[in-house]
Amino acid sequence: MNGHRNAGIIGTGSCLPDKVMTNKDFEKIVDTTDEWIRTRTGISERRITDGNTATSDLATIAALKALENADLSPEEIDLIIVATVTPDVMFPSTACIVQKNIGAVNAAAFDLEAACAGFLYGLSIADSLVKAGSFRKILVIGAETLSKIVDFSDRNTCVIFGDGAGAAVISEVPEGYGVLSTYIGADGRDGHLLTVPAGGSRIPSSIESVKKRLHYIKMDGKEVFKFAVKIMGDAAEKVLEKCGLTKEDIDYLIPHQANIRIIDASVKRLKISNDKVYINLERYGNMSSASVAIAIDETSRKGILKDGDTVVLVGFGGGLTWGSAVLKWKSIGRY
Ligand code: ACO
């Protein structure tokens, strides 16, 4: 050790609802086709929760799996951060509900809202807190039940989102491993491009707000698309620069899973080969803050990430927000 603390992921877990909703299922409820959805988005199917399942239910299972993977007991966790745009209730926070569910009696807990960049915001904060010595074992969870806020009569949005949760335990790791750098940013000027207008203090819930369908996601897909392609490349380059690396050093890229055309354009800009990019979009759609977290769990468990790999994570979302991180990977639990 060099006297500085290094922070990294020491365990991961995820949870996906069992129910699969295919593109064909959407053909029955909106004016769309399997062909359109696959070619314009890259999505074939997504997971959808049932009426009795809330975000904390998925987050709790993901968290317990991450703890098991890290070989930790819930009492050893001292902070829980849940990134979500679909909390169970306005308050208490979903993080407090997860804390109760898993019995993490020694943990502080709060929610973080940075839409699809939420997990990367959480990772960045957890990295700083562990490095500072303020907390030792932090659970960062990205969890969403977007099906609860999607308008199933709006073909522009309903086909692209899915439900799921991913969790990671962040702790001190040996020098040279773990998080090498993080980068987060926001541009609130374009927040209107992607929003759920009602249910907060600006437009409280009312019969009128329900009639006007203001509790559902509204999105200017074209504008978000343009922003996403630019920011994915910029955020990846910036975070590499922060730790003295270049895009030639990338062994593996885990991007936010919003649209295959956004991923392809960003990968082309970064000039990295497609076999270095993880894609699970076709199976799950866009799960907002859960997408990157679940992708890390899958690549880790499948042994796709190898010890010593330089892994870049990058995401963007409503806010507008973005975030990226560089990890020096080591098989979790084996530090
Ligand atoms: N089926 C059939 N036709 C459709 C569908 C559909 N599901 N959705 C839209 N169309 C139609 C449109 O109505 C439009 O028809 P028109 O020309 O007659 O008006 C036509 O297809 C083209 O529409 P575009 O908006 O230009 O389609 P585009 O190719 O841009 O794809 C999409 C739309 C998939 C939404 C894309 O813009 C996109 O992925 N944007 C980014 C969204 C995103 O990444 N959001 C992430 C953030 S989410 C968060 O933070 C919570």
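How many residues of the shell around the ligand are nonpolar, how many polar and how many charged? The shell divides into 12 nonpolar, nine polar and five charged residues. The model is predicted. The ligand sits in the second largest pocket. Residues from domain 1 (7-175) and from domain 2 (179-328) take part in the shell, at least three from each.

**Who surrounds the ligand**

- There are 26 residues around the ligand.
- Those that come nearest are Thr 32, Arg 40, Cys 116, Lys 222 and Asn 259.

**Polar contacts and cover**

- Lys 222 places a polar side-chain atom 2.8 Å from an oxygen atom of the ligand.
- Arg 155 also has a polar side-chain atom by a ligand oxygen, at 3.0 Å.
- Gly 318 uses its backbone instead: an N or O atom there lies 3.0 Å from an oxygen atom of the ligand.
- On its own, the ligand has 1,000 Å² of accessible area, and the protein covers 77% of that.

**Elements that build the shell**

- The ligand's place is the second largest pocket.
- Which helix gives the most to the shell around the ligand? Helix 8 does, with four residues.

**Cis peptide bonds**

- Phe 91 and Pro 92 are joined by a cis peptide bond, with omega about 5°.
- Pro 92 belongs to the loop between strand 4 (79-83) and helix 4 (94-102).
- Another cis peptide bond runs from Gly 319 to Leu 320, where omega is near -10°.
- Leu 320 lies in the loop between strand 12 and strand 13 (321-328).

**A positive phi**

- Where is Arg 213 placed? Arg 213 is in the loop between helix 7 (207-211) and strand 10 (218-219).
- Arg 213 is not a glycine, yet its phi is positive, at about 60°.

How values were computed. Residues are numbered from 1 along each chain as its sequence is written. This is a predicted model: local features need pLDDT of at least 70, side-chain atom pairs count only at pLDDT 80 or more; totals for chains, interfaces and linings use all residues. Side-chain values use heavy atoms; hydrogens and water are left out. A residue is near a molecule or strand if one of its heavy atoms lies within 4 Å of it. A polar contact is a pair of N or O atoms within 3.5 Å; within protein, one must be able to donate a hydrogen and the other to accept it, and residues adjacent in sequence count only if both atoms are side-chain atoms. Accessible areas come from the Shrake-Rupley method with a 1.4 Å probe; for residues, only the protein chains shown count as cover. On a 1 Å grid over the protein atoms alone, a cavity is a set of points where a 1.4 Å probe fits but cannot get out, and a pocket is an open set with protein on both sides within 12 Å along at least five of seven lines; lining residues have an atom within 4 Å of a point. A molecule sits in a cavity or pocket if more than half of its atoms lie within 2 Å of its grid points. Helices (H or I, at least four residues) and strands (E, at least two) are DSSP runs, numbered from the N terminus. Ala, Val, Leu, Ile, Met, Phe, Trp, Tyr, Cys and Pro count as nonpolar, Asp, Glu, Lys and Arg as charged, and the others, Gly among them, as polar. Domain bounds come from an automatic or database domain assignment.
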